[in-house]
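Visitor: Could you walk me through this structure and show me how to read its features?

Guide: Gladly; let us look together.

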Amino acid sequence: MSKGHDRLKVLTTVGEVFAVAIEFERTARDFYVALAPKVSKSIRYLVEELAEEEQNHFDLFTAMAARADMAGVLAAEIQRPASDRKFSDCVHLPDLGEHPDDQAVLQYALMREHAAMEQYRALADETPAGSLRDLFAYLANEETKHKNELEAVYYDTVHSGGV
Amino acid sequence: MQDLQTRLAQHTDLGEWTQQRADLAFVTVAREHLHGLLRHLRDHEGFTHLVLLTAVDWLEDGQFQLTYLMNNRAAARDIGVRVLIPREGADMDSIHDLWPTAATYQRELREMFGIDFPGSPRVDEEFILEGWRDMPPYRRDFDTLKYAQEEFAERPGRVSKDPETHMKQKLYPDGA
Amino acid sequence: MKDELKPRIVKGPDGIEFEVDPLRDYYCEASPSVHPPVYVKIVEDFFNWARSESLWILGFGTGCGAIEMRPLMTPRFDAYRFGVQWRPTPRQANLLMISGYLSTKTLKRAIRSYEQMQSPKYVVGLGSCTINGGMYWDSYNTIKKLDEYLPVDLYIVGCMPRPEALLQGFEDLKQIIRAGKAEGANQYAEKFEWYKANQKKVIHDWDMPDYNW
Amino acid sequence: MPITTVLSPFRAWKFLFQNPVTVRDPLTERPGAPRYRGFHQNDAEKCVGCGTCETICQNGAIDMIDVGLAPKDGDSGLRPRIDYGRCCWCALCVDVCMTGSLSMSNAYTWTDANADAFRFTPGVDKKPWDNDQLGYRRPEGHALHGKDRVEMAELEPEARIGTFDEIVAGYDVARARLEADRCVECGLCVATCPAHMAIPQYIKAVRDGDYERGLALLYETNPFSQVCGRVCTHKCETACAAGHEGDPIAIRWLKRHITDQVPHKDYVRIVGKPKKAAKGEAKTIAVVGAGPAGLTAAYDLARQGHKVVVYEVRKHPGGMPRYGIPEYRLPYDILDADIDVIRAMGVEIKCETRVGSDITMDELKAKNDAVILAIGLHLGRSTRIPGSDHADVRKAVDLLRQVTDEDPVDVPKSLVVIGGGNVAMDIARTMARLQMKAYGEVAVTVTALEDKAHFLADPDEIRECGEEGIDIVDARGPQEVVIDADGRVEGLRTWRVQSIFDAQGRFAPSYDESDERIHPGDMVIEAIGQAAGVDMLGEGLTEALEWNRGRIQVDADGRTSESWLWAIGDCVKGPDVVHAVADGHRAAKSILAAFEGKGDEA
Amino acid sequence: MVQDLSDRSQYPARNRDGTLDVDLTSGKYLKLWQGPNHPGITGNMSVELTVCGDEVVEGKTHVGYLHRGFEKLMERRTFIQCFPIVCRICVPEPDFNEYCYAAAVEELAGVEIPEQAKWIRTLILEMGRFNSLMMYLGGQSGSLGLGVIGQWTTYVRDLMLDRFEELTGARIYHMFILPGGVRDTLPEGFDARMEETLREAERTMKDVWNVMFQNAVFRKRTIGVGYINPALFDDYGVTGPTARGGGVAKDVRRDQPYLAYPDLEFEVNVARDSDIYSRADVRRRDALQSIDLIRQILAKMPRTGPVMAKMPNMLHWKIPRGETYIRGECSRGEYGFYVVTDGSGYPRRVNVRGPSYTHAMALLERLIVNCNIADVAALLVSLHTYPPEIER
């Protein structure tokens, strides 16, 4: 397949990207909020923290999309990155079972953050230098930080190493 | 010094014999044999040099050990003669007739241990101490630190902390 | 009290008998008195300068520190060039160096020597032992704080202090004297009772008058 | 007299023509020799305030004083102050200094009219000679106490690999005395020991050969002395002052030595009988979990005359020391001996009783004046990498338990362990022994995320693994359990770990995907960590309790938000035997205080 | 030429209690205190003289002015804590205490010290002997008004103290010989500087010979004065140069060799007249011998290997029950430590046997009778006494 053909298939707009992102964070937040009462109180703090974090991101993205100076940018067409599929999949919620344990919750959260991070990084890479690229880079960075936080929690919880 | 031990045993009732070095032995004798043994050692065995005369306080046993150390220069050997005497009312026969210099040692023992040597010249004169009123200071039951603290003023203002206790106070005062 | 110190009738070579009370007759009993500074300050300053430049030490080796005095008396360190010299008798000396620990027996002699010295006179404590007992802190026979018994103008630390440290001490003492702060002898007179009480507490056979001048 | 004797003295006149030998400026021209023992210097940073200088000073010239430094592990915060009204400049304090912080400058001049001026804290009070380069430093190799640890006899690798016999022999009396002799009794270790054991005192008992006194001292603070004597994490040894310029004292081995020297039959006599509680004063306490924490609390409470029942789900009491620590490190009879003493105090242990099903927490609450939760960390964590749900992917804790209970284990010909902690080493070495017995050869690979420099396991464990033919591959991140076409485990696929810590120093491995390896093995064992099984609490209690990041929230004494319930040990503090013991003491103390203060309300 | 003058027959009779029958009120006798604060006394001690005219009829030595109670203090110090304190027992030659004490506890504890330490100990002892003898020569000549010798010998002694300082880290109390060995090895360049010091010392010794020993006044006042009958040596425990001045070749270094002395070549210095001059001359030759021995030691000593034996923790070092006596030949005679241990961490008893103890007490009191007042100081110095070792 030629590169040109690929490119035609994968074009999307910034507005679309943003919409998916906001949806991504919203569903995640709702998912965690709904999950919280279901998990044991002993690990509820994890779910609550995650919900809060997602809420923050949701707020951030919403605020950005609403800014007047974003209007032009949102309409711009960009390449759809290879990671898009994975990212979009994340919007669909998994079934963690009736009483998921901390590790399951963390693994799911990690997977989501990883997908988001890759998505934005790919977008940034594909976009020519400019304010739009900076925006994606910023988002990618946000998600990376979040993922790193989660990883630390994950290793702390799971890989304690034993006596 | 095996030979010496054998010879002396024929002459005197010897107590415990301790061979400390090839050239140094200690032997315990009863106080009544001491004078004769020392004279014999001096006159017949060549132990002409009285190296020292001193006492050891075995407070726990209620005894003083007197040690008479003698040297035979020609044979390059020493013998220490030990005599155990009761601490209570301690006294001992003087040997200043054998060695005039022993009088000095006996004066010191009189003063520092409270062991009397009747007949020894100037044995009751003050020797080292002056105006001493307490018990003889070389006795084990004399506590020099306590005496010093009561008698002499120390410079105040000293405090010291024990590391273990200090850490306990600071880090886990209730012991847990 | 020793026999020779007891009052007695003595027959002189001329055959005349007379009574002798050694403690009264052989000593002067007058207590020490405070010497006020001279009326004019400049004169007092001059006196102090003169005093500071002629430190005459009583050659009384009271303890081990005395051994470091000898290098000072000899050419290598030559303390004489700094106005310091040693005198055999208290009458000619104005500086008493307490060279380390003082046994109570020596303390008695040191007090006598000090009291026989001419005012203004100074005391320097040599080594740790004079400060807080030094390594004989638990000894039954040495004093721990020299300043309880004699007024000390300066301490030189060390065990024992080197000749160089002693020279430094002399220089510092000179400064103190020049500044008019070497008031040990006056202090001794002022707090005479206190000093005597301390002295008598540790010298059990006190068989001399209170002041041995 | 010959005339020459009159003339001869005149030869002295030649000195008239010689240069004088006088030192021109003695105050500045003559610094002390390079070795001169002048005034003290102390590197206050390096000093740990152990007070050994004070101990050796025959002049009582040194005080350990508080200079405002906060005490911390291995540093009392005190610093030596020297009284120059006492010092004799013998430099024994410099010779004995445990860290080498104390030294002497070559300065020697200090005069003052004030006798009180001659006290100072070197390194804290500024002095002109603080930075002098010359002066007495302890000569190389000159030491007043032994620097090197006394070796302990242990089984050779060939002899130990085929059996579960204990590896280390323990010190014999002569060696123990030699090792105990090195201790300077500073006591810095006591604060670091979670149980605050009387370490200097029991080491002294070893020196004196008074083992009964030693044992009594041990039991004052630790009823698991035999266990701790073998498997304690010995943090005390990192605080040991001797470790600064030599090997720290083998505190753990000396503790073990005491317990080895006293016949077990004498233990109860030495420890003494428990108190009899006054009539009506005796309370009943339930302890969940017969591990070190729970049993320690039970021991303390029983010694005060209270009735304690311990509920244990397994066949035997002991908790992790029995089910987690292999026999070659901690023989079962040793553990049993410790537990026997605890039983002798009147503690009742009900084994094979599962709280939550056989008896509920509510029932315990109702029947007892206080309940202690000491459930440990018995759930093995899984990596949950692809393939990890295969039947031949096992968790280390489960497998160790199986071995302890002598349940049959299918020993694979080769296996891979995931994990770099002591549990990983334990399971690797346990399986290696079983392999040796079954096949006569060892084929165990341990893969760990950490590189060798950051290994969690004890260096001794790593060394001994190597000796026993276990292959440790460091810095490998597990990615997948490889399963062959027949559905059998084939091995473990790993990536190389590039770095294990992120910029903030947190644990967050990053991988080099290009460096991929497959470690062959018929079985994969996960030994990456453990969790507490808190299901037994029941939903109601779980909701009622306050939690803190996945663990039950407790106060300093282990009391939970429910006033009748204490939670102690690994399940709240993380894994460590001696911490568990310390926790047990604290909880017992807190419970006793609660009984005193509030009567039945607790 | 010489005769025993210590014949009491023509002097006052003794009372029944042994005291001299002297009536001080008669005007015939006078009591004179020489010391403690007196230029004619060695250190802080005193001699109570009863004189008739300018002749002494009785002399009593008084000591205790320097008593610190070492033997008591050591009983409450651990074995290592005794190490700094022992040297203070004798100020001018402190190292002998360190050696005797260390050797005694080493013997009782069964410690063998390394070879190099043995040699360094020997070196230090010889340096100390030299220093002590320098003090003696200055004192002996000074006691007769010949002050210049002291000026010279104090200077060479000081040069030797510089060597002490660079080797041991201190001038007077070296605290270098501790149980188990010595603290450190020789510093770099020590040999060359020592050689320089020794050359200076030899030059001074020549001057001392010319100005002191070849001096008519000195000879006149010392030859035939202060005679000790060699027959009395054993009665009064006379050792060292004092005995050797009377023809008895008593020298522990030869009689019962210790440390590195078996490997060193030296002749025991002896003189025959047993008067002040003979004793001074023996000591002068001893000083020269020390110079030679120091050279020999530096040439022969091993420079490698440890200087400390492997020791247990000094903080709680216990020594099994036992007793021993260690002697050595110090500049004044036989110096020894009698140490008794009882299995604890503290010495049970330490008794220091210093030569001054016998020389300055009983012997002096015997010799001083009949002596001219002016010769008392010379006689006393010629016995080479250091009071601190008498009373400790």
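Guide: Let us start with chain C. A compact globule of 213 residues would have a radius of gyration near 17 Å, and chain C agrees because its value is 19 Å. That radius is taken over C-alpha atoms, and the globule rule is 2.2 Å times the number of residues to the power 0.38. This is a predicted model, where local features need pLDDT of at least 70, side-chain atom pairs count only at pLDDT 80 or more, and totals for chains, interfaces and linings use all residues. Residues are numbered from 1 along each chain as its sequence is written, while chains are lettered from A and ligands numbered from 1 in the order in which they are written.

Visitor: What does the C-alpha trace of chain C span along its principal axes?

Guide: The spans are about 55 × 50 × 35 Å.

Visitor: How many helices and strands are there in chain C?

Guide: Helices (H or I, at least four residues) and strands (E, at least two) are DSSP runs, numbered from the N terminus. Chain C has 8 helices and 7 strands.

Visitor: Which residues does a contact count?

Guide: Two residues are in contact if their C-beta atoms, placed from the backbone, lie within 7 Å. In chain C, 78% of the contacts between residues at least 6 apart in sequence join residues at least 24 apart.

Visitor: How many residues do chains E and D bring to their contact?

Guide: Chain E gives 30 residues and chain D gives 31. On the chain E side, helix 2 (79-86), helix 5 (147-168), helix 6 (190-213) and helix 7 (216-222) each supply at least two residues.
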